[in-house]
Amino acid sequence: MKSINIRPFRNSDLSRVLDIFRLNTPSFFAPPEIKDLKEYLDQHQGTYCVLEYNSKIAGSGGYHIPDERTGRLSWFFFNPELQGHGLGKAIVKHCLEELQINHPNLESVEVWTSQYAEGFFSKFGFKTIRIEEDHWAKRIDLYLMKKQL
(Lines give C-alpha, C1' and ligand atoms only; values in the text may rest on other atoms or scores of the structure.)
Protein backbone atom coordinates (compact mmCIF):
# COMPACT_ATOMS: atom_id res chain seq x y z
CA MET A 1 0.00 0.00 0.00
CA LYS A 2 1.26 3.48 -0.89
CA SER A 3 1.78 5.82 2.06
CA ILE A 4 2.05 9.59 2.35
CA ASN A 5 3.75 11.26 5.30
CA ILE A 6 4.10 15.02 5.73
CA ARG A 7 6.70 16.25 8.18
CA PRO A 8 8.72 19.40 8.94
CA PHE A 9 11.66 20.19 6.67
CA ARG A 10 15.11 19.44 8.10
CA ASN A 11 18.46 20.77 6.88
CA SER A 12 19.38 17.22 5.90
CA ASP A 13 16.49 17.32 3.37
CA LEU A 14 17.98 20.20 1.40
CA SER A 15 19.83 18.27 -1.30
CA ARG A 16 16.80 16.06 -2.08
CA VAL A 17 14.44 19.07 -2.14
CA LEU A 18 16.79 20.88 -4.54
CA ASP A 19 17.00 17.76 -6.73
CA ILE A 20 13.20 17.69 -7.01
CA PHE A 21 13.16 21.43 -7.73
CA ARG A 22 15.60 20.84 -10.60
CA LEU A 23 13.27 18.15 -12.01
CA ASN A 24 10.64 20.91 -12.34
CA THR A 25 13.03 23.36 -14.05
CA PRO A 26 12.53 24.88 -16.61
CA SER A 27 9.01 23.49 -17.07
CA PHE A 28 7.56 25.19 -13.98
CA PHE A 29 10.39 27.27 -12.51
CA ALA A 30 13.18 29.38 -13.96
CA PRO A 31 16.69 28.10 -13.15
CA PRO A 32 17.69 31.28 -11.22
CA GLU A 33 14.78 30.69 -8.81
CA ILE A 34 16.83 28.05 -6.99
CA LYS A 35 18.61 30.94 -5.24
CA ASP A 36 15.23 32.33 -4.12
CA LEU A 37 14.19 28.91 -2.83
CA LYS A 38 17.37 28.60 -0.75
CA GLU A 39 16.79 32.09 0.73
CA TYR A 40 13.16 31.19 1.49
CA LEU A 41 14.25 28.04 3.32
CA ASP A 42 16.75 30.06 5.36
CA GLN A 43 13.95 32.43 6.47
CA HIS A 44 10.91 30.12 6.71
CA GLN A 45 12.28 26.67 7.47
CA GLY A 46 9.98 26.34 10.49
CA THR A 47 6.83 26.28 8.34
CA TYR A 48 8.18 24.34 5.37
CA CYS A 49 7.32 20.66 4.96
CA VAL A 50 8.45 17.69 2.97
CA LEU A 51 6.12 15.05 1.70
CA GLU A 52 7.35 11.48 1.84
CA TYR A 53 5.78 8.95 -0.49
CA ASN A 54 6.65 5.36 0.37
CA SER A 55 9.27 6.67 2.82
CA LYS A 56 11.11 8.80 0.21
CA ILE A 57 10.92 12.56 -0.18
CA ALA A 58 8.70 13.19 -3.19
CA GLY A 59 7.85 16.88 -2.82
CA SER A 60 7.64 19.87 -0.56
CA GLY A 61 5.78 23.07 0.21
CA GLY A 62 5.10 25.47 2.99
CA TYR A 63 3.66 28.73 4.17
CA HIS A 64 4.53 31.92 5.96
CA ILE A 65 2.74 34.98 7.33
CA PRO A 66 3.54 38.17 5.38
CA ASP A 67 1.19 40.25 7.55
CA GLU A 68 -1.13 39.67 10.51
CA ARG A 69 -4.21 39.06 8.33
CA THR A 70 -2.71 37.06 5.47
CA GLY A 71 -1.07 33.68 5.10
CA ARG A 72 0.86 32.70 1.98
CA LEU A 73 1.46 29.25 0.53
CA SER A 74 4.92 28.97 -1.03
CA TRP A 75 7.24 26.74 -3.01
CA PHE A 76 5.15 23.67 -3.77
CA PHE A 77 6.73 21.16 -6.14
CA PHE A 78 6.88 17.39 -6.55
CA ASN A 79 8.66 14.66 -8.42
CA PRO A 80 6.98 14.91 -11.85
CA GLU A 81 6.87 11.10 -12.13
CA LEU A 82 4.40 11.03 -9.23
CA GLN A 83 1.89 13.53 -10.63
CA GLY A 84 -1.66 12.32 -10.13
CA HIS A 85 -1.01 10.46 -6.87
CA GLY A 86 -2.67 13.09 -4.65
CA LEU A 87 0.59 14.44 -3.25
CA GLY A 88 -0.14 18.09 -4.02
CA LYS A 89 -3.62 17.87 -2.59
CA ALA A 90 -2.31 16.28 0.61
CA ILE A 91 0.37 18.87 1.34
CA VAL A 92 -1.76 21.90 0.41
CA LYS A 93 -4.55 20.67 2.70
CA HIS A 94 -1.96 20.11 5.43
CA CYS A 95 -0.58 23.66 5.11
CA LEU A 96 -4.05 25.24 5.01
CA GLU A 97 -5.00 23.36 8.19
CA GLU A 98 -1.76 24.41 9.90
CA LEU A 99 -2.40 28.04 8.96
CA GLN A 100 -5.92 27.99 10.37
CA ILE A 101 -4.92 26.19 13.58
CA ASN A 102 -1.79 28.24 14.31
CA HIS A 103 -3.10 31.60 13.05
CA PRO A 104 -6.86 31.72 13.71
CA ASN A 105 -7.10 35.48 13.04
CA LEU A 106 -6.09 35.25 9.39
CA GLU A 107 -8.63 36.64 6.95
CA SER A 108 -7.16 35.19 3.76
CA VAL A 109 -4.48 32.99 2.25
CA GLU A 110 -2.71 33.80 -0.98
CA VAL A 111 -0.40 31.99 -3.32
CA TRP A 112 2.01 33.48 -5.84
CA THR A 113 2.12 30.88 -8.58
CA SER A 114 2.19 30.59 -12.35
CA GLN A 115 -0.25 29.72 -15.10
CA TYR A 116 0.94 26.11 -14.78
CA ALA A 117 -0.49 25.72 -11.26
CA GLU A 118 -3.46 28.09 -11.42
CA GLY A 119 -5.94 25.28 -12.11
CA PHE A 120 -4.55 23.21 -9.26
CA PHE A 121 -4.90 25.99 -6.66
CA SER A 122 -8.36 26.96 -7.95
CA LYS A 123 -9.56 23.53 -6.76
CA PHE A 124 -8.96 24.77 -3.19
CA GLY A 125 -11.03 27.91 -3.70
CA PHE A 126 -8.22 30.28 -4.69
CA LYS A 127 -9.23 32.99 -7.16
CA THR A 128 -6.82 34.77 -9.50
CA ILE A 129 -6.67 38.47 -8.64
CA ARG A 130 -3.67 39.57 -10.70
CA ILE A 131 -1.55 38.29 -13.59
CA GLU A 132 1.88 39.63 -14.56
CA GLU A 133 3.26 38.22 -17.80
CA ASP A 134 6.84 36.91 -17.80
CA HIS A 135 7.21 37.77 -14.10
CA TRP A 136 9.27 34.75 -13.06
CA ALA A 137 10.88 34.23 -16.48
CA LYS A 138 9.97 34.27 -20.16
CA ARG A 139 6.66 32.36 -20.47
CA ILE A 140 6.33 31.91 -16.69
CA ASP A 141 3.73 34.41 -15.53
CA LEU A 142 2.86 35.43 -11.99
CA TYR A 143 -0.65 34.45 -10.95
CA LEU A 144 -1.50 36.03 -7.63
CA MET A 145 -4.35 34.00 -6.19
CA LYS A 146 -6.31 34.56 -2.99
CA LYS A 147 -8.74 32.61 -0.83
CA GLN A 148 -10.89 34.20 1.86
CA LEU A 149 -11.13 32.27 5.13
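A salt bridge is a side-chain nitrogen of Lys or Arg within 4 Å of a carboxyl oxygen of Asp or Glu. In this predicted model, R7, D13 and E52 are linked in a network of such bridges. The structure also holds an open sheet of seven strands, a nonpolar core of 24 residues and twelve aromatic pairs.

**Sheet**

- The strand order is 1-2-3-4-5-7-6, and the pairing is mixed.
- Strand 1 (4–8) and strand 6 (127–137) stand at the edges. Each has a single partner strand, so one side of each is left without a neighbour in the sheet.
- From one strand to the next, the twist averages 25°.
- Strand 4 (residues 70–78) pairs with strand 5 in the parallel sense, over four bridges. T70 has S108 in strand 5 as its bridge partner.
- Helix 3 lies across strand 1, strand 2 (48–53), strand 3 (56–67), strand 4 and strand 5. Its direction is at about 160° to strand 4.

**A loop beside the sheet**

- The loop between helix 3 (87–102) and strand 5 (108–113) contains N105.
- N105 counts as exposed because its relative accessibility is 66%.
- N105 and T70 are 35 residues apart in sequence, and their C-alpha atoms are 8.9 Å apart in space.

**Nonpolar cores**

- Nonpolar side chains tend to be buried together in soluble globular proteins.
- Here the largest nonpolar core has 24 residues, and L73, F76, F121 and F126 have the most contacts inside it.
- Strand 2, strand 3, strand 4, helix 3, strand 5 and strand 7 (140–148) each supply at least two residues of this core. Helix 3 gives the largest share, six residues.
- A second, separate core has 15 residues, including F21, F29, L41 and I57.
- Leaving aside neighbours within four places in sequence, F121 is in contact with L73, F76, V92, V111, T113, F126 and M145.

**Aromatic pairs**

- A search of the whole structure finds twelve aromatic pairs.
- F21 and F29 have ring centres 4.9 Å apart and planes at 40°, so this pair is tilted. Both F21 and F29 are buried.
- F28 and Y116 form an edge-to-face pair, 5.9 Å centre to centre with 80° between the planes.
- F28 lies in the loop between helix 1 (14–23) and helix 2 (33–44), and Y116 in the loop between strand 5 and helix 4 (118–122), so the pair ties together parts that are 88 residues apart in sequence.
- F28 is partly exposed, at 35% relative accessible area. Y116 is also partly exposed, at 42% relative accessibility.
- Ring pairs link F76, F120, F121, F124 and F126 into a cluster.

**Salt bridges**

- The count of salt bridges comes to seven.
- D13 and R7 meet through their side chains at 2.8 Å, N to O. Both residues are buried.
- R72 and E110 form a salt bridge at 2.6 Å, N to O. R72 lies in strand 4 and E110 in strand 5, so the pair ties together parts that are 38 residues apart in sequence. R72 and E110 are both buried.
- E39 and K35 form a salt bridge at 3.1 Å, N to O. They are separated by about one helical turn because they are four residues apart in helix 2.
- E39 is partly exposed, with a relative accessible area of 36%. K35 is exposed, with a relative accessible area of 53%.

Terms used:
Residues are numbered from 1 along each chain as its sequence is written. This is a predicted model: local features need pLDDT of at least 70, side-chain atom pairs count only at pLDDT 80 or more; totals for chains, interfaces and linings use all residues. Side-chain values use heavy atoms; hydrogens and water are left out. Buried means under 20% relative accessible area, exposed over 50%, partly exposed in between (1.4 Å probe, protein chains only). Two strands pair if DSSP finds at least two bridges between them. Axes are lines fitted to C-alpha atoms, for helices over the stretch in contact, and angles run from 0 to 180 degrees between N-to-C directions. Contact means heavy atoms within 4.5 Å. A nonpolar core is a set of buried Ala, Val, Leu, Ile, Met, Phe, Trp, Tyr and Cys residues joined through side-chain atoms within 4.5 Å. Rings of Phe, Tyr and Trp (its six-membered ring) pair if their centres lie within 6.5 Å; planes under 30 degrees apart count as stacked, over 60 as edge-to-face and the rest as tilted.
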